[in-house]
Amino acid sequence: MKSPIILTALLSISLLSCAKETPQVKHKSNMSSSKENLKNIQVVNEEDPICHMKTAEFLKDTAVYKNNTYGFCSAYCKDEFKKSPEKYAKK
Ligand SMILES: [Zn+2]
């Protein structure tokens, strides 16, 4: 039976490569906080212009139109807004 020796060799190789790669992976952990940051974005609309949900509670996506940041509950509502922003934007 050769397999235990091969297994040990593979294990030590993977352990070595793991140790080398670990420092590079670290900065990825910042990504998870992006959801929280979205709530701090100042949007000009109190409600989603498409479905009229409160942007303060349901903000998931934003779009900038004429230097104003509009908040939306979903990517779907943002897309609807982008189709005809002049219809939904504040005057
Ligand atoms: Zn919506």
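**Notebook: zinc site and salt bridges**

I looked up the zinc ion: its four donor atoms subtend angles of 100 to 124°, which makes the arrangement tetrahedral. Four donors count as tetrahedral if all angles lie between 85 and 135 degrees. The ideal angle for four tetrahedral donors is 109.5 degrees.

I note that this is a predicted model, where local features need pLDDT of at least 70, side-chain atom pairs count only at pLDDT 80 or more, and totals for chains, interfaces and linings use all residues. Residues are numbered from 1 along each chain as its sequence is written, and side-chain values use heavy atoms, with hydrogens and water left out.

**Entry: the donors.** I listed the protein donors of the zinc ion as Asp48 (OD), Cys51 (SG), Cys73 (SG) and Cys77 (SG), at 2.1 to 2.3 Å from it. A donor is an N, O or S atom within 2.8 Å of the metal (3.2 Å for Na, K and Ca); water is not among the atoms, so sites may look incomplete. The spacing of the donor residues in sequence is D-x2-C-x21-C-x3-C. Cys51, in the loop between helix H2 (34-38) and helix H3 (55-58), and Cys73, in the loop between strand E2 (68-72) and helix H4 (75-83), are 22 residues apart, and the pair links distant parts of the chain. Helices (H or I, at least four residues) and strands (E, at least two) are DSSP runs, numbered from the N terminus.

I then checked accessibility. Cys73 is buried at 15%, while Cys51 is partly exposed at 31%. Buried means under 20% relative accessible area, exposed over 50%, and partly exposed in between (1.4 Å probe, protein chains only).

**Entry: salt bridges.** I found three in the whole structure. The term means a side-chain nitrogen of Lys or Arg within 4 Å of a carboxyl oxygen of Asp or Glu.

Lys54 pairs with Glu47, with closest N and O atoms 3.7 Å apart. Lys54 is partly exposed at 40%, and Glu47 is partly exposed at 33%.

Lys78 pairs with Asp61 at 3.5 Å. Lys78 is in helix H4 and Asp61 in strand E1 (residues 61-65), so the pair ties together parts 17 residues apart in sequence. Lys78 is buried at 17%.

Glu80 pairs with Lys83 at 2.9 Å. They sit three residues apart in helix H4, so about one helical turn separates them. Glu80 is buried at 18%, whereas Lys83 is exposed at 63%.

**Entry: confidence.** I read a mean pLDDT of 81 for the protein chain, with 71% of its residues at 70 or more. pLDDT is the predictor's confidence in each residue, from 0 to 100. Confidence is lowest in H2, at a mean of 61, and highest in H4, at 98.

Conventions:
Tetrahedral: all angles 85-135°; square planar, octahedral: opposite > 155°, others 65-115°.
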